[in-house]
Amino acid sequence: MGTVDDAMVVFLRARFREDETAALALKSSKNEDMIRVRDRALADVETKRRLLDWVLTVPWDIEDKPRPLLERALVGSINGIPLALRSPVAFTLLASYVDHPDFPPEWKRIVS
């Protein structure tokens, strides 16, 4: 299947910015449903950013801050996951933008 590449990362980060901009354009109003939709969209963007960061930044430095023993063990085991095994997370994120006009057709075989 391969690994996530720089072009995919640039594409995803641009889509995240677009989604965030669109969500922020929803003005606060007395309509509580619209407020929830806006807040959910912003939370979704933040979650996608964190997932992509996870794909790109492992291994983490487990000594960067004090952690409970179980958390240190989990982080230590996650550190051993190679990029090829983390990349499907990025491919799943890409799949949600397959209908975007800038989505390269050659990526369709990767995300389907």
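Predicted model: local features only at pLDDT ≥ 70, side-chain atom pairs only at ≥ 80, totals over all residues.

The buried residues of α2 are R38, V45, K48, L52 and V55. The helix itself has 26 residues, and from its first C-alpha to its last it reaches 37 Å, close to the 38 Å expected at 1.5 Å a residue. At the start of α2, a side-chain oxygen of N31 comes to within 2.9 Å of the backbone nitrogen of D33.

I turn next to the nonpolar interior. In general, nonpolar side chains in soluble globular proteins tend to be buried together. Here, the largest nonpolar core has 18 residues, and L12 and L94 have the most contacts inside it. At least two residues of this core are supplied by each of α1, α2, α4 and α5. The largest share, five residues, comes from α1.

What does L94 touch, leaving aside its neighbours within four places in sequence? Its contacts are M8, F11, L12, F103, W107 and V111.

Finally, consider S87, which lies in helix α4, spanning residues 83-95. Is S87 buried or exposed? S87 counts as buried, because its relative accessibility is 0%. Its side chain reaches the backbone nitrogen of V4 at 2.9 Å. With neighbours within four places in sequence set aside, S87 is in contact with G2, T3, V4 and V55.

Thank you; I welcome your comments.

Definitions and conventions. Residues numbered from 1 in each chain as written. Heavy atoms only, no water. Helix = DSSP H or I, 4+ residues; strand = E, 2+ residues; numbered from the N terminus. Buried < 20%, exposed > 50% of the residue type's maximum accessible area, 1.4 Å probe, protein only. Polar contact = N/O pair within 3.5 Å; in protein donor to acceptor, adjacent residues only side chain to side chain. Contact = heavy atoms within 4.5 Å. Core = buried A, V, L, I, M, F, W, Y, C linked by side-chain atoms within 4.5 Å. Expected span 1.5 Å × (residues − 1).
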